[in-house]
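Visitor: Could you walk me through this one? I'd like to hear about its core and its aromatic rings.

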Amino acid sequence: MSEINDLVRKSLLYDFYGALLTDHQREIYEEVVLNDYSLSEIAEDEGISRQGVHDMIKRCDKALEEYESKLGLVAKFKEIERLAKQSSDKETAQKILDTL
């Protein structure tokens, strides 16, 4: 998977399931994955090791992927988006896309 596709997937997973992470996990995950801070910067700010930050990101990624494997909300979202883009009724398709 390309780096951009990986970032898009992580962002979608976070959008759908991020609320299921703890406040501390969300804060760290946002800083590293969404805001592109380095592990070292976060480690210094949080007073933990770089390895600790890395491990937390891996645990968060695993948790988000597990939520998706059980609930499939991202897959459903992408399927609805795909169907809306293929629709011959452009007005309805645009309404669907606007609500996503």
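Guide: What follows is a short talk about the core and the aromatic pairs.

Guide: This is a predicted model, in which local features need pLDDT of at least 70 and side-chain atom pairs count only at pLDDT 80 or more, while totals for chains, interfaces and linings use all residues. Residues are numbered from 1 along each chain as its sequence is written, and side-chain values use heavy atoms, with hydrogens and water left out.

Visitor: How many residues has the largest nonpolar core?

Guide: The largest nonpolar core has 20 residues, and among those with the most contacts inside it are Leu 21, Ile 28 and Tyr 29. Such a core is a set of buried Ala, Val, Leu, Ile, Met, Phe, Trp, Tyr and Cys residues joined through side-chain atoms within 4.5 Å; buried means under 20% relative accessible area, exposed over 50%, and partly exposed in between (1.4 Å probe, protein chains only).

Visitor: And what does Leu 21 touch?

Guide: Leaving aside residues up to four places away in sequence, Leu 21 touches Tyr 14, Arg 26, Cys 60, Ala 63 and Leu 64, where contact means heavy atoms within 4.5 Å.

Visitor: Switching to rings, how many aromatic pairs are there?

Guide: The count is four aromatic pairs, taking rings of Phe, Tyr and Trp (its six-membered ring) whose centres lie within 6.5 Å, with planes under 30 degrees apart called stacked, over 60 edge-to-face and the rest tilted. Phe 16 and Tyr 17 form a tilted pair, 6.4 Å centre to centre with 50° between the planes.

Visitor: Is Tyr 17 buried or exposed?

Guide: Tyr 17 counts as buried because its relative accessible area is 1%, whereas Phe 16 is partly exposed at 32% relative accessibility.
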